[in-house]
Amino acid sequence: MRKMEILQRIIDTGIVAVVRADSPEKAELISDACIRGGVNAIEITFTVPGADEVIRILRKKFSREELLVGAGTVLDAETARIAILAGAEFVVSPSFNLETAKLCNRYQVPYMPGCMTVTETITAMEAGADIIKVFPGDVYGPRIIKDIKGPLPQASLMPTGGVSLQNVGEWIKAGAIAVGVGSDLTAGARRGDYDEVTRTASLFVEAVKAARKAG
């Protein structure tokens, strides 16, 4: 799939599910539940044991039309390459790493590094980062999106950390092109209630649509 298509699909849905789990099996179940709820961009973090194998399994299980699978908590270019070879279609990091940016650009894989300041954001954009992950988003709240886009209206920003059903609309209205959601989306999995994950995913999808419609 072409890089621009991947980015557009993430923007269209507006949500990336951040999947953390203590086993590959649970990560797969969480991913399945999110997809059923309409969230079709899944970030498998490299804190999951055997994360590359989970990516590989999901890539085989779902068509590219059904699922965009990416890698998260990618700290270096070596891990990014492992993820891409496993089938990751986008790479997300908690911080900016130049070598990771270069590698992702080389293979035309979208790179989304975590940044918190305007300086970090500019540095990442100049290195070719496609979407800036505003992280941790809960430190400042939705107002940070407007604050960054003041001097950098061209920045594509995706907050992660602290995004909930209660505030997701505020993030979108503030100018976020998408949001990354972890525990607020996947909390049901801790109790083994994957149907709850599906229901929550559906609510997030509807909340993003409503916020965009409201402008």
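What follows is a tour of helices, their packing and a few loop residues.

Before you click, note that this is a predicted model: local features need pLDDT of at least 70, side-chain atom pairs count only at pLDDT 80 or more, and totals for chains, interfaces and linings use all residues. Residues are numbered from 1 along each chain as its sequence is written, and side-chain values use heavy atoms, with hydrogens and water left out.

**Stop 1: helix α1**

Select residues 3-13, which form helix α1. (Helices are DSSP runs of H or I with at least four residues, strands are runs of E with at least two, and both are numbered from the N terminus.) Colour Lys3, Ile6, Leu7, Arg9, Ile10 and Thr13: these are buried, meaning under 20% relative accessible area, while exposed is over 50% and partly exposed lies in between, with a 1.4 Å probe and protein chains only. They cover an arc of only 160° around the axis, which puts them on the same side of α1; the arc is that of the directions from the helix axis to the C-beta atoms. Here is some background: an α-helix has 3.6 residues a turn, so residues three or four places apart point the same way.

What covers those buried residues? Show β1 (15-19), β2 (41-45), β3 (68-72), α5 (98-106), β5 (111-112) and α10 (194-214), which are among the covering elements. Contact here means heavy atoms within 4.5 Å. Then click on Gly14, which follows α1 and has a positive phi, near 85°.

**Stop 2: α2 against α10**

Two packed helices are described by the angle between their axes and the distance between the axes. Select α2 (residues 24-36) together with α10: they pack at about 40°, with axes 7 Å apart. (Axes are lines fitted to C-alpha atoms, for helices over the stretch in contact, and angles run from 0 to 180 degrees between N-to-C directions.) α2 and α10 are therefore oblique to each other; angles under 35 degrees count as roughly parallel, over 145 as roughly antiparallel, 65 to 115 as roughly perpendicular and the rest as oblique.

For the contact itself, pick Lys26, Leu29, Ile30, Ala33, Cys34 and Arg36 on α2, then Tyr194, Asp195, Val197, Thr198 and Ala201 on α10. These residues divide into seven nonpolar, one polar and three charged. (Ala, Val, Leu, Ile, Met, Phe, Trp, Tyr, Cys and Pro count as nonpolar, Asp, Glu, Lys and Arg as charged, and the others, Gly among them, as polar.)

While you have α10 up, click on Thr200, which lies in this helix. Is Thr200 buried or exposed? Thr200 is buried, with a relative accessible area of 11%. Leaving out residues up to four places away in sequence, Thr200 touches Leu165, Asp184 and Leu185.

**Stop 3**

Now select α3 (residues 51-61) and α4 (residues 77-86), which pack at about 25° with their axes 8 Å apart. That makes α3 roughly parallel to α4. Asp52, Ile55, Arg56 and Arg59 of α3 make the contact with Ile82, Ala83 and Ala86 of α4. The tally for this contact is four nonpolar, no polar and three charged.

Look for Ala77, Ala80, Arg81 and Ile84 in α4 meeting Glu99, Thr100 and Leu103 in α5. That contact divides into four nonpolar, one polar and two charged.

**Stop 4: the loops**

Most residues other than glycine have a negative phi, and most peptide bonds are trans.

- Thr73, in the loop between β3 and α4, has a positive phi near 50°. Thr73 is buried, at 19% relative accessible area.
- Gln108, in the loop between α5 and β5, has a positive phi of about 55°. Gln108 is partly exposed, at 46%.
- Phe135 and Pro136 are joined by a cis peptide bond, with omega near -10°. Pro136 lies in the loop between β7 (132-134) and α7 (143-149).
- Gly50 sits in the loop between β2 and α3 and is partly exposed, at 37%. Its C-alpha atom is 6.3 Å from that of Pro24, although the two are 26 residues apart along the chain.
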